[in-house]
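Open the model in your viewer and keep the selection panel at hand. We will go stop by stop.

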Amino acid sequence: MAKMRSIPKAVEEIRAKDPETCISLCVLRRWVKEGKVSSRKTGKNYIVNMDEVEAYMAGGGVANADC
């Protein structure tokens with residue numbers, strides 16, 4: 001099962017793993033808006049797949065070709 005997180009929770013999880021990261025709420029929102037990381041809308045919020053975010057951060061590009 002995919003690890004789906006809201007954008008603020010995703011940033012929180014990234015920072016827990018790497019406190020020195022430069023990934024911010026604005027950066028992750030921009031990646032979603034630009035289609036670099038796919039998202040799903042749930043009500044008024046968006047959720048992202050943490051595996052896909054981590055793959056993009058590792059330099060793998062968009063993990064899901066359907067984006």
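What pLDDT does the protein chain average? This is a predicted model, and the chain averages a pLDDT of 87, with 88% of the residues scoring at least 70. Now select residues 62–67. Here pLDDT stays under 50. For this stretch the model has twelve contacts beyond four places in sequence.

**Helix 1**

Select residues 7–17. Ile7, Ala10, Val11, Glu13 and Ile14 are buried. Look down the helix axis: these buried residues fall within an arc of 160 degrees, so they line one face of helix 1. Next, show what covers them. The cover includes strand 1 (4–6), helix 2 (25–33), strand 3 (45–49) and helix 3 (50–57).

**The hairpin**

Select strand 2, residues 39–42, together with strand 3. The two pair in the antiparallel sense over four bridges. Arg40 stands opposite Ile47 in strand 3. Two residues lie between the strands of this hairpin. Click Gly43 in the turn: its phi is positive, about 70 degrees.

**Salt bridges**

The count comes to five salt bridges. Show Lys9 and Glu12, whose closest N and O atoms are 4.0 Å apart. The two sit three residues apart in helix 1, so about one helical turn separates them.

Move to Glu54 and Lys17, which meet at 2.6 Å, N to O. This pair links distant parts of the chain, with Glu54 in helix 3 and Lys17 in helix 1, 37 residues apart. Glu54 is partly exposed at 26% relative accessible area, while Lys17 is exposed at 53%.

Then select Glu34 and Lys36, a salt bridge of 3.0 Å between the closest N and O atoms. Finish on Lys3, Arg5 and Glu13, linked in a network of salt bridges.

Definitions and conventions:
Residues numbered from 1 in each chain as written. Predicted model: local features only at pLDDT ≥ 70, side-chain atom pairs only at ≥ 80, totals over all residues. Heavy atoms only, no water. Buried < 20%, exposed > 50% of the residue type's maximum accessible area, 1.4 Å probe, protein only. Arc of directions from axis to C-beta. Contact = heavy atoms within 4.5 Å. pLDDT = per-residue confidence, 0-100. Pairing = 2+ DSSP bridges. Salt bridge = Lys/Arg side-chain N within 4 Å of Asp/Glu carboxyl O.
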